[in-house]
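Here's a quick tour of a few spots worth a look.

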Amino acid sequence: MTRSIVGLITHRRAKYGFIIFWLIVVAVAGPLAGKLTDVEKNEAKSWLPGSAESTKALDAQAAFASPNTLPAVVVYERPSGLTPADQQKIAADAQTWAGLGELDGKVVGPIPAQDGQAAEIIIPLDLGEEGWNKAAAAVEGITATARNGANGMTAYVTGPAGIAADSSKAFEGIDSTLLYGTITVVVVILLLTYRSPVLWLLPVISAGVALTVAQGVIYLLAKNAGLTVNAQSAGILTVLVFGAGTDYALLLVARYREELRKHEDRHEAMAVALHRAGPAIIASASTVVVGMLCLMFAETNATRGLGPVAAIGILVGLAVMLTLLPALLTTVGRWVFWPKRPVFGSREPTTTGFWAKIGAGIARRARLTWIVTTLVLAALAVGIVQLDASGLTNAQSFRGNPDSVVGEETVSRHFPAGAGNPVVVVSGAGQADAVRAAFAGTSGIDRATVTPPVIRNGTAYLEGTLTAPADSQAAYATVDRVRDAVHAVPGADALVGGNTAINLDVQRAAEHDRNLIIPIVLLVVFLILMMLLRAVIGPVLLIATVVLSFGAALGASALVFRHIFGFEGADTSLPLFVFVFLVALGIDYNIFLMTRVREESTRHGTRRGALVGLAATGGVITSAGLVLAGTFAVLATLPLTGFAEIGFAVAFGVLLDTIVVRSVLVTALNLDLGRHIWWPSGLARQPDVPAEQAADEAMRLPAPGPAARLD
């Protein structure tokens, strides 16, 4: 950071201006942040790319039915057979629901099962554009009616409305659950790190300000600029701002405490800390921001929307941690570090601490260390073959057995498995009969359920029931066959939609996004590292270590998912999300380490600099990794498999990257390659010493003194 900016932030009086500024901003943003859930888009269409066939089908079928219709399938079951009283009660319920005000068409049923043990009623609910959020209340009322006076007959509400209701319940309170859980994790780790009853307050307050302001900004963009926000991206925002923001705070506070031992005036100490640590923090945040913005290349609306949501959170967090936090720290003074206040003139303990000893041990067998570490990580990466990221069924999506899942299983026992989730075909009216014949003749479609075409304004509308569960791979294969069949009808311009087609298109868009975005992120991060380190060899190796770390984390997670947690599959977006978070955030720690190594290399040579850099940053980077891993692990508290998988994989990957890749693998590579790591910069031509000699000398090096001043 430049002298003028640093001087302004650490000015004895200007610091109060920064505090007042952020108080005003958070007061304005607070009410807006509270409205963020009002602009969330959680319905299926908000996830779809505009080019998807199911999206076009949704638009075309608007002339026949509301695009907001969520059919509720009520299924009744008595294994011993429905009694006359049961049948009378079911018919009465159908009459009751026929009078609901939120219907888009007529209530269908009761439809008896051929085995006489079950019956179902289909209620076409139209809850408006906020249907996903309103589904829980509507389904609760339907469930209460169905179970009232059932006398031992079971009743469940499933279908799109039932699934939407259970999904919205799972997300209910997500903001408070994640916020309180994340704050708890951060506070505990900061208490253990600082061992101070007061110091932890300042990073937590700063992170809270950053989250509130970010949510306010995102609300304005979602309301006025078309930014797509859903419950998933809003939840990840909370974790990301607290996790990454606290990481930046840890790095700054660690450098500030180091400089307080060398400068009697705390404002001068903060100025040096900002000047030295600020560029690394800015570079790290920039890498995360650019990595997240790469998500905007995605076809899937939800993934594309996550990019700017996460980037805004990181940018606001960066601004707060580099302005408000320094102002708070210099305002309260040294006492905030009590009981371990950094005394002016005292020795920096990291120079001979735990990480200094670890570095010395690595230096004596640097090549063997990085080879063995690489082989272990590669072995973990082999576990990726156990990962089935082809998507989660409705039953697999929930951790537990909500009513919609139990009801879906009940329907599949007594009715065509796709009942209540029809495949929709829209075509030109002139070819309607040919399209219906092709549709009905497709394997996987129950021929008897294909409806006669309804004609409006030159367009025909048809529905048919799948013989397989609507969220199964067999159903997706049927949709493909239907598309092939109806597309072959000349001049029909047929489109195939429905919930199964929507889910299929979302999965395929996610696969496209993964294959496109991963190479883009790698290229962007590599270019940033080259500019930051002014080298080529170093960035190549850093990128390779992060990719290896990602592979190991995903491979190990796949084994845990399958053999410990019992998860049968993974969401299609899991590899992309884990990759982006681990590469963008994992490279942070390499930036923190390597910028310090470069700084020390200019004074002590590369191998000595590698050991001094590890000793100086080892503790703070490990603490930062624990914070980030802990905050992402909070995602696993939600009753949704997708969140649990993302939370575990990212948390495990961050710990792996922090403890093994950054401290062991990267340090061993630095020590083995020495000055060549900086090729082609001038540092690559400076003389260096053997790794063993560097270890002995590094343990005797004094803490940096006058060289750490602003210049």
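## Ground rules

Helices (H or I, at least four residues) and strands (E, at least two) are DSSP runs, numbered from the N terminus. This is a predicted model, where local features need pLDDT of at least 70 and side-chain atom pairs count only at pLDDT 80 or more, while totals for chains, interfaces and linings use all residues. Residues are numbered from 1 along each chain as its sequence is written, and side-chain values use heavy atoms, with hydrogens and water left out.

## Val28 on helix H2

Val28 sits in helix H2, residues 14-33. Val28 counts as exposed because its relative accessibility is 55% (buried is under 20%, exposed over 50%, partly exposed in between, with a 1.4 Å probe and protein chains only).

## Arg341 in a loop

Look between helix H11 (301-332) and helix H12 (354-363): the loop there holds Arg341. With 46% relative accessibility, Arg341 counts as partly exposed.

Skipping neighbours within four places in sequence, Arg341 is in contact with Arg334 and Trp335 (contact means heavy atoms within 4.5 Å). Arg261 is 80 residues from Arg341 in sequence, yet their C-alphas are 9.4 Å apart.

Helix H18 (residues 499-533) has 35 residues and spans 49 Å from first C-alpha to last, close to the expected 51 Å (1.5 Å times one less than the number of residues).

At Ile517, H18 bends by about 25°, and Pro519 follows within four residues (the bend is the angle between axes fitted to the seven residues ending there and the seven starting there). After H18 comes Arg534, with a positive phi near 55°.
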